[in-house]
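Welcome to this short tour. Open your viewer, keep the selection tool handy, and follow the stops below.

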Amino acid sequence: MLIGQLHPADQDRIDEQMENVTEQTPDPYEHEPQRNAQLIVHGDTPMNAEVPQGVITERYLTPNELFYIRHHHPVPYLSEGELEEFRLEVDLTLMFPDALMKRKRAAAAEEGGGGDDDEEEEEALSATTAVDIVRRETTDTTTSTSCSNSVVAKLSLDQIKSLPKVELTSTLQCSGNRRGGFNGLRQTSGTPWGQGAISTAKWGGARLIDVLMLAMEQVSKDDQTFSDEEKKEKKMKSSSLIETLHSLQALIDNHPELQHLRFESLDGMLASIDANKGLNPFGDVIVAYEMNGEDLPRDHGYPLRVIVPGYAAVRNVKWLKKLELAEEEAEGTWQRGLNYKILPPTVLDAKEVDLNRMPGLSEECVFSGITKVENLSHTVPLPTTAFEEEIFGSMSMMPFAGSRTPLTPGETVLVKTIGWAYAGGGRNIVRVDVTGNNGKSWQTATITEGSNQPLRRAWAWVFWECEVPAIVCEDGVSVELACKGVDMAFNTQPESMGGMWNVRGLVNNSYYRVKHKVM
């Protein structure tokens, strides 16, 4: 039913106003970096792009411009002035019981809580505090802040770069890598990645432990309210506390409440890791400012990024703004929500489970992939054992590559496969198995790169290659291949993705399968 008509002049005014609104509203993606045209883009607001299959194993270190991209928001843009003023905040309140109690009381008051014994408890804590710090209000962005409810150091880029530099080669993989395979079974939620949401780089930066030590020193040094003698005693106590950072066990003994390290990004993302990983000298967690010998690209965390080797990429927070020593894991959907939690295959609605009782993804399991298959130019040899004859049948020498002789379904041809394998947690890859006959027999691949990584600190992938006898499929022109990695704990990949399927499409580490045409 027609209610009325809008006068053309009114319509013109509305159109003009809408045009002005559009022009005056900043585009959050206005300052996005340029991306390499080779990347396979799944979405550009925000940018999510993977490495083409054939490019993955071309170089052991993925070039910066070809490193996969997984963003949740627009890429933060810092002006020259903002870069000069940038400070990494390091919240050390947990190390100071009196300040911690103040924070807890303030939080309880906001929630309408609090108790009659709080003041007495606070006084007792203050009397036994190892490092007594005077809390004062400040708006200075260049130094530490000891506010009424927190103890926060503020570190410049130059200060962080003055620390001993370490370099670390680490593989990062999106937790949804190979989600597209799950979608073939049942639809999931998220970007339908192939196998290209994985890359490796050499990261340069400062050890997280050294950053925390520097923050503790700054908190001690910046306090101007003590006499020289008091400052000397206070610094000695602070140094004693700092030294415990070199020993994870001593730190946990002295501060059992310290269970997590929280990270906050310039784009507002919140994530955390367990303290056992973050403060372990063998955990190799760094605050990075370089990637493959260059300043971090904006797409990959400039100016600072935390690198947590062996953990899901989401814990390697880009555009790092703040670190915090904490009793509990980070708040927010990326740590506590459904986004990075794996539900059972039968659960389609998160309301059916208690997400608070489910851990978020951290340490990764075992993965592998095939990136290239080549038809070999020689003939398949006759079987040399009774077992091989039983598996492949009585084969004759048959022409293959370069020949147009038709193949018969069930015949065996020889192909060369190339691929990668990776295990989280620093567990070394000890073997990669490849099959061309649906798992009736397996060939052991030769690891070509990455096999010399330190024991239990293998933070990067390996490359491998393997010659595989493969059974010709019913179509007479193709073969089916599959691979599986095995790590040093002899964890391996499940044969089927059915038991791994989950509504978020996370951690599809079933056998990697590919169909390859040989004719």
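Start inside: the largest nonpolar core has 40 residues, and Val90, Leu92, Val211, Phe263, Leu304 and Leu320 have the most contacts within it. Such a core is a set of buried Ala, Val, Leu, Ile, Met, Phe, Trp, Tyr and Cys residues joined through side-chain atoms within 4.5 Å; buried means under 20% relative accessible area with a 1.4 Å probe, protein chains only. The largest share of this core, 7 residues, comes from helix 7.

You are looking at a predicted model, where local features need pLDDT of at least 70, side-chain atom pairs count only at pLDDT 80 or more, and totals for chains, interfaces and linings use all residues. Numbering runs from 1 along each chain as its sequence is written, and side-chain values use heavy atoms, without hydrogens and water.

Next, select helix 7, residues 208-221, a DSSP run of H or I with at least four residues, numbered from the N terminus. Here 12 of 14 residues are buried, among them Leu208, Asp210, Val211 and Gln218.

Now click Val90. Which residues does Val90 touch, not counting those up to four places away in sequence? They are Val151, Val152, Ala153, Leu155, Val211, Leu212, Ala215 and Leu323, where contact means heavy atoms within 4.5 Å.

Last stop: select Arg70, Arg305, Ala313, Val314 and Lys318, the residues nearest the centre of the largest cavity, which has 23 lining residues. On a 1 Å grid over the protein atoms alone, a cavity is a set of points where a 1.4 Å probe fits but cannot get out, and lining residues have an atom within 4 Å of a point.

Technical notes
On a 1 Å grid over the protein atoms alone, a cavity is a set of points where a 1.4 Å probe fits but cannot get out, and a pocket is an open set with protein on both sides within 12 Å along at least five of seven lines; lining residues have an atom within 4 Å of a point. Helices (H or I, at least four residues) and strands (E, at least two) are DSSP runs, numbered from the N terminus. The expected span of a helix is 1.5 Å times one less than its number of residues. Buried means under 20% relative accessible area, exposed over 50%, partly exposed in between (1.4 Å probe, protein chains only).
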